[in-house]
Amino acid sequence: MSFQATKELEAEVDELVTHYPVKRAASLMVLHAIQEKFGWISREAVLWTAKKLELPPINIQEILTFYPMLRQEPMGKYQIKVCRTLSCALGGAYELREHLCKKFGLDAHAHGAQTTSDGKFTVEFVECLASCGTAPVMMCNDDFYEGVSHAKADEIVGKCK
Amino acid sequence: MAQEYKLILKYADEPGYTPDIECYLRHGGYADLKKALAIAPKDLADGKKLSPQEQIREDVKISGLRGRGGAGFSCGLKWSFVDRKSGKPIYLICNADESEPGTFKDRQIMYKDPHQLIEGMAISCFANDVHLAYIYIRGEMVDGAKILNEALKEARAKNFLGKNICGGGYDLEMHVHRGAGAYICGEETGLIESLEGKRPYPRIKPPYFPAILGLWMCPTIVNNVETLCNVKHIVAMGGAAFAKLGTPNNTGTRIVSLSGHVKKPGYYEIETGKATIGELINDPKFGGGLRDGRKLKAVIPGGSSAKVFKAGEKFKLKKKDAEGKEILVETDMLDLPYDFDSLAAAGSMSGSSAIIVMDDSTDIVEALANLSEFYAHESCGQCTPCREGALWMSKTLHRLTHGEGRAADADYLVKIADNIPGGRTICAFGEACSWPVQSFVAKFKDEFVAKGAADEARHAKQVAAPVETKELAAAHH
Ligand SMILES: Cc1cc2nc3c(=O)[nH]c(=O)nc-3n(C[C@H](O)[C@H](O)[C@H](O)COP(=O)(O)O)c2cc1C
Ligand code: SF4
Ligand code: FES
């Protein structure tokens with residue numbers, strides 16, 4: 001199911017809207033809520049959000065296409081984000097990404113997010129995650145990992161069922 | 001001898017210290033908010049009265065507090081610009097976007113001591129007649145947003161937020177707003193647009209100074225997490241006492257994020273200016289020096305946008321001699337006191353107080369290529385010089401680090417960089433993306449030229465011996 005307006009989602013959005021004197025301000029938080037439940041933001045989700053916030057759909061579409069964290073298509077069940085910025089690069093971030101790509105049979109030199117053919121893992125580089133003192137760092141879905149050696153990465157991945 | 005001085009991070013790393021409100025209250029939490037709410041109007045000699053709010057604002061001025069987000073602008077002065085006569089509501093936003101590469105200090109506060117931030121914000125809101133405030137936290141800090149939401153809930157339940165706070169007749173509501181992975185949301189007007197639910201395109205100043213035309217075109221205060229926490233301590237100890245911490249014009253403490261090639265990377269809170277860059281890198285109390293057998297090559301002193309220092313670089317700094325006369329003293333880069341003014345005098349900045357250390361194993365061209373890729377990715381795209389310039393700098397550095405460089409690329413990079421800042425762009429990102437390029441190339445020019453020249457020489461040979469070309473192409477792939 002790429003999108004369904006559940007009661008739960010309705011309630012969450014109704015609550016979010018109360019945080020702002022202007023409905024439009026809730027849009028990013030609403031998209032976060034949708035992505036949390038469905039993994040990505042489909043066209044139906046854009047139209048539903050626009051209607052809910054009384055906006056033309058373009059106002060939702062234009063933020064969906066701007067923010068790197070928002071997904072316009074389904075991604076892997078486990079999304080691994082490796083920080084690539086300077087402090088992490090000095091600490092072995094490029095080697096870490098290469099290790100993960102090789103492990104999953106992905107192209108270690110390709111740009112952008114890549115997903116395994118079984119849809120289980122997505123690997124991508126992201127910019128500084130604000131934990132440069134514990135480089136290299138990565139996220140697996142919402143969980144954050146510091147000082148990720150290759151062995152530690154294997155262990156994290158091993159726990160993804 | 002330089003020491004750590006824990007004001008903001010006094011409890012955060014104490015064993016057993018937890019982010020919940022009970023723990024915070026056990027450590028004296030919210031006493032300063034109560035103190036602020038109980039301040040009585042003060043009679044002035046001319047018969048006028050100074051309201052409690054005005055007294056706090058005055059004290060913040062006296063404290064000398066400067067913004068911890070990057071620009072180091074006086075907090076008291078920023079607050080004095082707020083349009084209080086417009087009749088519109090005044091908003092306060094805590095900038096918790098923490099996305100300047102190298103920086104990881106706000107994270108420590110929000111994850112470990114969220115109520116300190118909420119108390120600092122509540123006092124700042126009270127002092128500025130704000131009744132609705134937001135914490136704009138970067139999207140990747142998923143747990144941080146949860147911790148803050150939980151803390152807000154606790155604070156509401158205990159009436160430190162909500163209606164008639166602590167019976168003092170003051171109402172305040174606060175919400176967490178999450179970003180979604182874009183660096184430009186840290187720029188205050190981009191942040192405001194983002195909060196309004198739009199693309200985070202920074203606004204042009206003038207006329208859109210947040211203090212006058214901010215969130216929903218209302219007067220708005222945007223302050224960094226650490227700045228707002230400091231306000232709590234100013235109320236606790238008084239502005240004059242706060243001003244005694246640190247050094248003149250560089251008051252209070254700073255939480256320094258130290259990363260890269262040091263033995264003990266981490267965050268260290270110091271009295272501003274009471275430790276040098278060298279001490280922060282080498283002292284066993286701080287970074288503990290470089291890895292064994294390595295020598296220092298370069299230091300980025302204030303987040304990725306700050307101009308780089310080269311090991312051994314010397315600066316002439318103004319100092320007062322014994323008779324109070326101003327003299328110029330030659331100072332090694334490592335002996336620069338870590339504060340706003342010394343680093344500015346040395347041509348860089350303390351920015352978000354993030355030091356990135358690079359030892360002699362670092363390929364300096366690769367390092368700059370890494371940063372330029374960041375800026376090319378993060379330019380919001382509104383201004384042509386920034387959007388195109390950031391991209392072309394990154395492309396040029398990409399070819400220099402992939403065997404396709406030219407000796408002239410060093411000059412080419414500087415030419416692009418020089419054409420971005422200086423009023424040609426809407427926001428300071430233009431400066432932020434050109435400073436690393438200008439400074440890296442100026443200070444390590446021979447390495448850039450050598451790399452490009454080597455590529456050119458190799459290519460010239462390949463033309464003579466076409467067989468090699470294939471091999472090289474394969475090697476580059
Ligand atoms: C490109 C850019 C990115 C910025 N990122 C941040 C950030 O992540 N966090 C922050 O506090 N300030 C950031 N700033 C500075 C803010 O615009 C603003 O000056 C600051 O939040 C003001 O707070 P302060 O006075 O308390 O430092 C950034 C500025 C620019 C130009
Ligand atoms: S300077 Fe760059 S980041 Fe700032 S508004 Fe212009 S294009 Fe956007
Ligand atoms: S550079 Fe990777 S977390 Fe900052």
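Glu373(B) and Arg84(A) form a salt bridge whose closest N and O atoms are 3.6 Å apart, a salt bridge being a side-chain nitrogen of Lys or Arg within 4 Å of a carboxyl oxygen of Asp or Glu. The model is predicted, so that local features need pLDDT of at least 70 and side-chain atom pairs count only at pLDDT 80 or more, while totals for chains, interfaces and linings use all residues. Residues are numbered from 1 along each chain as its sequence is written, chains are lettered from A and ligands numbered from 1 in the order in which they are written, and side-chain values use heavy atoms, with hydrogens and water left out.

**Interface of chain B and chain A**

- Across this interface the rule finds 1 salt bridge.
- The contact (heavy atoms within 4.5 Å) draws 54 residues from chain B and 38 residues from chain A.
- Of the area that chain B buries against chain A, Arg178(B), Ala180(B) and Arg199(B) supply 17%, more than any other three residues; buried area is the accessible area (1.4 Å probe) that two parts lose on being put together, summed over both.
- Between the two chains the buried area is about 3,700 Å², and carbon and sulfur atoms give 61% of that area.

**Ligand 1**

- Ligand 1 is surrounded by 18 residues (a residue being near if one of its heavy atoms lies within 4 Å), and the closest are Gly69(B), Asn95(B), Asn223(B), Asn224(B) and Thr227(B).
- An oxygen atom of ligand 1 lies 2.7 Å from a polar backbone atom of Gly69(B), and an oxygen atom of the ligand lies 2.9 Å from an N or O atom in the side chain of Asn95(B).
- A nitrogen atom of ligand 1 is 3.2 Å from a polar backbone atom of Gly186(B).

**Ligand 2**

- Among the 13 residues around ligand 2, those that come nearest are Cys380(B), Gln382(B), Cys383(B), Cys386(B) and Cys427(B).
- The shell around ligand 2 has 8 nonpolar, 5 polar and no charged residues, with Cys counted as nonpolar and Gly as polar.

Technical notes
A polar contact is a pair of N or O atoms within 3.5 Å; within protein, one must be able to donate a hydrogen and the other to accept it, and residues adjacent in sequence count only if both atoms are side-chain atoms.
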